[in-house]
Amino acid sequence: MNITPIGIWGGYPNKNEATSSFLIEQDGFRCLVDCGSGVLAALQNYMKLSELDAVIITHYHPDHVADIGVLQHAAMVGMQLKEWETPLPIYAHNRDAAGFANLSYKGVTVGRELHVDTPVQLGPWEVSFCETVHPVYCLALRFTSNGKSAVFTADTAWKDELVEFSAGADFIAAESNLYEKYVGIIQGHMSGRQAGELAEQAGVKRMVLTHLPQYGDLEEILESAKNAYTGPLEFAQIGKTYNI
Ligand SMILES: [Zn+2]
């Protein structure tokens with residue numbers, strides 16, 4: 001599978017960029033992981049929007065769903081022009097009833113419910129879930145196909161269960177929104193050190209850091225992750241394709 005970071009920011013996008021989102025592709029099937037602010041513009045650097053086969057949403061914070069509305073407009077226009085043929089499925093949990101209802105729009109997009117204990121077959125992947133520690137209900141995702149796995153932590157504070165969930169994965173996109181001094185002060189996110197410890201304890205083969213803060217010296221986060229994780233590690237590079 002190929003994984004392309006579309007955006008790497010938490011909370012809101014830096015100028016001309018997007019919040020944390022990834023494109024995952026295999027066998028011609030394309031799935032967008034989260035669809036926050038700036039994602040729709042950025043995604044078009046890599047593909048036509050009509051080539052999207054599915055979207056999966058981890059939770060309903062704006063930096064993960066802000067561009068769902070404009071994606072629906074794109075699908076609607078595409079269908080009117082006959083360039084977009086089938087309704088786009090958007091997978092997400094339904095613990096936020098209003099948020100989930102907004103995923104279905106005029107027959108051009110359709111919300112599909114996810115449940116934490118029920119893996120789904122999504123294109124070529126089996127996708128499994130783990131509830132994270134975040135102010136709103138949020139699911140980490142594990143995509144598996146042909147014996148290879150990629151984990152997306154989504155937004156979360158440290159949780160022991162994530163180690164088991166990520167065990168042996170070939171790739172992890174780990175959120176690292178916090179500088180170390182904010183651990184225990186800002187809730188619902190991990191520091192670079194914690195992201196590194198997660199990947200190390202889980203024996204993950206490769207890690208990228210995402211959902212980054214717009215303030216401070218990001219090198220501190222990278223260094224603290226490198227002190228905890230012995231595998232290959234970098235900030236998720238926008239537009240780079242990670243093949244696993
Ligand atoms: Zn969030």
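## Exercises

**Conventions.** This is a predicted model, in which local features need pLDDT of at least 70 and side-chain atom pairs count only at pLDDT 80 or more, while totals for chains, interfaces and linings use all residues. Residues are numbered from 1 along each chain as its sequence is written, and side-chain values use heavy atoms, with hydrogens and water left out.

**Exercise 1.** Identify the residues that coordinate the zinc ion and classify its site.

*Solution.* 
Step 1. Look for donors (N, O and S atoms within 2.8 Å of the metal, or 3.2 Å for Na, K and Ca; water is not among the atoms, so sites may look incomplete). His59 (NE2), His61 (ND1), His134 (NE2) and Asp155 (OD) coordinate the zinc ion at 2.2 to 2.3 Å.
Step 2. Helices (H or I, at least four residues) and strands (E, at least two) are DSSP runs, numbered from the N terminus.
Step 3. Check the angles. Four donors count as tetrahedral if all angles lie between 85 and 135 degrees; four count as square planar and six as octahedral if opposite donors are over 155 degrees apart and all others between 65 and 115; anything else is irregular. The angles among the four donor atoms run from 88 to 170°, and the site is irregular.
Step 4. Check burial (buried is under 20% relative accessible area, exposed over 50%, partly exposed in between; 1.4 Å probe, protein chains only). His134 counts as buried because its relative accessibility is 13%, and Asp155 counts as buried at 2%.

**Exercise 2.** Describe the strand pairing and the burial of β9.

*Solution.* 
Step 1. Find the partners; two strands pair if DSSP finds at least two bridges between them. β9 pairs antiparallel with β8 over six bridges and antiparallel with β10 over five bridges.
Step 2. Glu126 is opposite Thr144 in β9, and Ser145 is opposite Lys148 in β10.
Step 3. Inspect the turn: the hairpin of β9 and β10 has two residues between the strands, and Asn146 takes a positive phi near 50°.
Step 4. Six of the seven residues of β9 are buried, so β9 is largely enclosed by the rest of the structure.

**Exercise 3.** Which strands each supply at least two residues of the lining of the largest cavity?

*Solution.* They are β2 (21-26) and β11 (171-175).
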